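Q: Hi! I have a structure open and would like to go through it with you, one bit at a time. Can we start with one of the aromatic residues?

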Amino acid sequence: MIKKILLLATVAFSLLISGCEQPLPPTDNPPKVDNPTDKPEKPPEEKPAEKPPVKPAEKPDNEPPKTIPADTQAQKISVKVYYPDDAGINLVAVKRTVEVKNESEKYLAAVNLLMDNPNEKDLTVIFPKNAKIKSVKVSNGTAFVDFDKNITKSFAGGSTGEEFLVNSVVKTLTEFSEVKQVRFLVEGAEIETLSGHMDLSEPIKKTDL
């Protein structure tokens with residue numbers, strides 16, 4: 001009797017337990033199991049934002065012009081030149097303004113003035129019209145004045161004319177403090193005289209006049 005009771009109790013307990021354990025309903029989307037071998041997807045690279053183009057600064061309309069280098073910029077200077085008077089008695093000092101680009105040009109500019117007709121009515125020029133001056137160079141206080149051959153070939157001034165020509169050049173150039181004496185050349189060569197009346201074999205000083 002006791003064995004039947006125990007058997008029934010065991011069957012009843014087994015039925016009770018089996019009734020409680022009900023299977024879960026199947027799901028359409030089973031949970032995804034991460035695969036350790038799968039690499040994580042890289043996020044899309046973001047391109048840097050493009051900077052707007054920078055426009056060059058516009059130059060103002062009133063921009064100052066570029067300066068000219070000092071060695072090529074012309075400057076005006078005042079010089080004193082000596083012309084003979086119409087009477088052929090004296091040399092008269094006249095102030096002129098010349099434009100030069102460098103210091104060495106002032107000597108040539110001054111002598112060139114002597115070869116042009118003066119504006120003053122009572123003054124004259126003594127140089128031959130076709131004569132030309134080639135250069136004037138100053139070295140150690142001596143100004144070397146080089147004329148072309150027409151200065152001697154076409155000169156017809158006589159002794160007084162030769163004296164005025166030489167003296168006008170010497171007085172004009174010695175107005176520059178650095179010039180102490182003047183040497184006359186023709187086509188680059190030293191000469192003894194222009195027309196046979198004055199000795200030009202040596203440099204002429206202002207005190208010699």
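Q: Is Tyr107 buried or exposed?
A: Tyr107 counts as buried, because its relative accessibility is 8% and the cut-off for buried is under 20%. Keep in mind that this is a predicted model.

Q: Got it. How many aromatic pairs does the structure hold?
A: There are three aromatic pairs in the structure. One of them joins Tyr107 and Phe176 in an edge-to-face arrangement, with 5.2 Å from centre to centre and 85 degrees between the planes.

Q: Where do Tyr107 and Phe176 sit in the chain?
A: Tyr107 is in helix 2, which covers residues 105–114, and Phe176 is in the loop between helix 4 and strand 5. They are 69 residues apart, and the pair links distant parts of the chain.

Q: And Phe176, buried or exposed?
A: Phe176 is buried too, with a relative accessible area of 11%.

Q: What about Phe147 and Phe184, how are their rings arranged?
A: Those two are stacked, because the planes are at 10 degrees and the centres are 6.4 Å apart. For stacking, the planes have to be under 30 degrees apart.

Q: Which strands do they come from?
A: Phe147 belongs to strand 4 and Phe184 to strand 5, so this pair ties together parts that are 37 residues apart in sequence.

Q: How accessible are Phe147 and Phe184?
A: Both count as buried: Phe147 has 2% relative accessibility, and Phe184 has 1%.

Q: Which residues do ring pairs link into a cluster?
A: The cluster is made of Phe127, Phe147 and Phe184.

Q: Let's switch to Thr174. Where is it?
A: Thr174 is in the loop between helix 4 (158–173) and strand 5 (181–186). It is buried, at 11% relative accessible area.

Q: What lies 2.7 Å from a polar atom of the Thr174 side chain?
A: That would be the backbone oxygen of Val170.

Q: Which residues does Thr174 touch, not counting those up to four places away in sequence?
A: Thr174 touches Val179, Lys180, Gln181 and Lys206.

Q: Where is Asn140, and is it buried or exposed?
A: Asn140 sits in the loop between strand 3 (133–139) and strand 4 (142–147). With 81% relative accessibility, Asn140 counts as exposed.

Q: And what is the phi of Glu187 near?
A: Phi of Glu187 is near 55 degrees, again positive in a residue other than glycine. Glu187 lies in the loop between strand 5 and strand 6 (189–190), and it is partly exposed, with a relative accessible area of 41%.

Q: Zooming out, how many helices and strands does the chain have?
A: The chain has four helices and seven strands. Starting at the N terminus, the order is α-β-β-α-β-β-α-α-β-β-β.

Q: How much of the chain counts as buried?
A: Of its 209 residues, 30% count as buried. The accessible surface of the chain is about 16100 Å², and 54% of that belongs to carbon and sulfur atoms.

Q: Last one: what share of the contacts with a separation of 6 or more comes from residues 24 or more positions apart?
A: Those residues account for 58% of such contacts in the chain.

Conventions. Residues numbered from 1 in each chain as written. Predicted model: local features only at pLDDT ≥ 70, side-chain atom pairs only at ≥ 80, totals over all residues. Heavy atoms only, no water. Helix = DSSP H or I, 4+ residues; strand = E, 2+ residues; numbered from the N terminus. Buried < 20%, exposed > 50% of the residue type's maximum accessible area, 1.4 Å probe, protein only. Polar contact = N/O pair within 3.5 Å; in protein donor to acceptor, adjacent residues only side chain to side chain. Contact = heavy atoms within 4.5 Å. Areas by Shrake-Rupley, 256 points an atom, 1.4 Å probe, with all protein chains shown as cover. Phe/Tyr/Trp six-rings, centres within 6.5 Å; stacked < 30°, edge-to-face > 60°.
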